[in-house]
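Subject: Structure handover

Hello,

Here is the structure for your files. Notes on its cavities, pocket, surface patch and backbone follow below it.

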Amino acid sequence: MNSKIKLQLSFMMFLEFFIWGGWFVTLGIYLPNTLDASGSETALAYSSQSWGAIIAPFIIGLIADRYFNAERILGVLHLIGAFLMYQMASADDISIFVPYVFGYMIAYMPTLALVNSVSFNQMKDPSKEFAFIRVFGTIGWIIAGLVFISLIFQWDSPENIANGALRNTFIMTAIASGILGVFSFTLPKTPPKVDKEEKVSISEILGLDALKLLNDRNYLIFFIASVLICIPLGFYYQHAGQYLGEIGASINLAGSEIGPAGMMTIGQISEVLFMLLLPFFFKKFGFKKTILVGMIAWLVRYVLFAYGNTGEFVFMLIIGIALHGICYDFFFVSGQIYTDTKAGEKYKSAAQGLITLATYGVGMLIGFWVAGQIVDTYQLPDNTHDWVSVWRFPAIFALAVGILFAVLFKNEKVEYKS
């Protein structure tokens, strides 16, 4: 892979996640403060991610893999996304906003697989080359939140939130999406790899051929735990930003105030760090203990959120966000490795599709709905929330899932494959 292609793929990955990080984190702050959305309405908007994840395999399996070059579909979807994102910025009511965000996520979620396809098609050894390209995605996410939203424009400051300045995040994202849409047509050609005459079943597209893995008692317990742990995960994605914005959380960095969007990027930074530590931890302590540490991290995070504040205990909020690396890497990445080892050569892709559908699709859908209901339950007369009670629920739930997994899952040796 020559330097030009590396630069193209790195820029593609940078924009792909700059786009996602440029609006998704602050959506939970924007909706209640600018569009007066309730917790349930916010949950409806966030659930668009899950529906996008459920529908994405059909777009990839029925269209991208069979009829058109991946880079061209990537370009078209991002141009559609740019239009829908601009419409989201223009929406002045939650009932108008929600259809646009649903349409946007149906267009965006397939692009996560498409950028991988374009990248892998140019690599001789993806296991060695992909990490260098993918890290630019994390950098893009961090720059969107920390540099643009928090440092340069300060759209997430309390005054600007009150004035509706977060609407600008959708404009910024629409511009980035338009740029990536046009740029995609210059990417290396990635033609379809499946004969369009070849028959394909719905079960193959959704990875349902891997359901036979559930006959393995250990994998069944892991599978159920994976779906259940997405319920507390929904609280973090949907309401952590809203929580930080509502209590006016910020940190001072070199004389500059970093608001909620910038603070949340601590989670992405820690994700990179703990991804590097995961192989060591996995080999030293094994799969079961690694998963349990991830679950315990969920419990600790929500306890820290419940009792942290913007004063002397602001460090508790920072640690809670920084735990995202353990929460995500130690559970979800370890789970992907476990799934890969259990599936065998024939069902590797199907198994990964199934666990993605179960977690980001079904599990997160339930998690977003539950989180919205809980937040509405603890809304106070002045439209703020009893956050101690809100965060108590996912903490207890994560503890229950952890106990369930610890008791029922029998330890087994799982090899780490990087």
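Helix 11 (260-307) gives the most to the lining of the second largest cavity, with 4 residues. Helices here are DSSP runs of H or I with at least four residues, numbered from the N terminus. This is a predicted model, in which local features need pLDDT of at least 70 and side-chain atom pairs count only at pLDDT 80 or more, while totals for chains, interfaces and linings use all residues. Residues are numbered from 1 along each chain as its sequence is written, and side-chain values use heavy atoms, with hydrogens and water left out.

Cavities

Two terms come first. On a 1 Å grid over the protein atoms alone, a cavity is a set of points where a 1.4 Å probe fits but cannot get out; a pocket is an open set with protein on both sides within 12 Å along at least five of seven lines; and lining residues have an atom within 4 Å of a point. Points are joined across faces, edges and corners, and a volume is the space filled by probe spheres set on them.

The count is 2 cavities of 30 Å³ or more. The second largest cavity holds about 40 Å³. Its lining includes Trp 141, Ile 149, Met 264 and Gln 268. Besides helix 11, helix 6 (126-152) supplies at least two of the lining residues. By class, this lining has 5 nonpolar, 5 polar and no charged residues. For these classes, Ala, Val, Leu, Ile, Met, Phe, Trp, Tyr, Cys and Pro count as nonpolar, Asp, Glu, Lys and Arg as charged, and the others, Gly among them, as polar.

The largest cavity has a volume of about 80 Å³. Among the residues lining it are Phe 222, Phe 331, Gln 336, Thr 359 and Tyr 360. Helix 10, helix 13 (324-343) and helix 14 (348-377) each supply at least two lining residues. The lining of the largest cavity divides into 5 nonpolar, 5 polar and no charged residues.

Pocket and backbone

The second largest pocket has a volume of about 260 Å³. It is lined by 14 residues, and Pro 32, Ala 37, Gln 242, Asn 383 and His 385 lie nearest its centre. Helix 2 (27-34), helix 3 (39-64), helix 10 and helix 14 each give at least two residues to this lining. Its classes are 3 nonpolar, 8 polar and 3 charged.

Asn 383 also has an entry for its backbone: phi is near 70°, a positive value in a residue other than glycine. Asn 383 sits in the loop between helix 14 and helix 15. Asp 36, in the loop between helix 2 and helix 3, has a positive phi of about 55° and is not a glycine either. Most residues other than glycine have a negative phi.

Are these two residues, Asp 36 and Asn 383, buried or exposed? Asp 36 counts as exposed because its relative accessibility is 66%, and Asn 383 counts as exposed at 54%. The cut-offs are under 20% relative accessible area for buried and over 50% for exposed, with partly exposed in between (1.4 Å probe, protein chains only).

Surface patch

Leu 220, Ile 224, Leu 399, Ile 403, Leu 404, Val 407 and Leu 408 make a nonpolar surface patch of about 560 Å². Patch residues have over 30% relative accessible area and no salt bridge; like charges are joined within 9 Å, and nonpolar side chains (Val, Leu, Ile, Met, Phe, Trp, Tyr) within 5 Å. A salt bridge is a side-chain nitrogen of Lys or Arg within 4 Å of a carboxyl oxygen of Asp or Glu. Areas come from the Shrake-Rupley method with a 1.4 Å probe, and for residues only the protein chains shown count as cover. Helix 10 (217-246) and helix 15 (387-408) each supply at least two patch residues, and helix 15 has the largest share, 5 residues.

Regards
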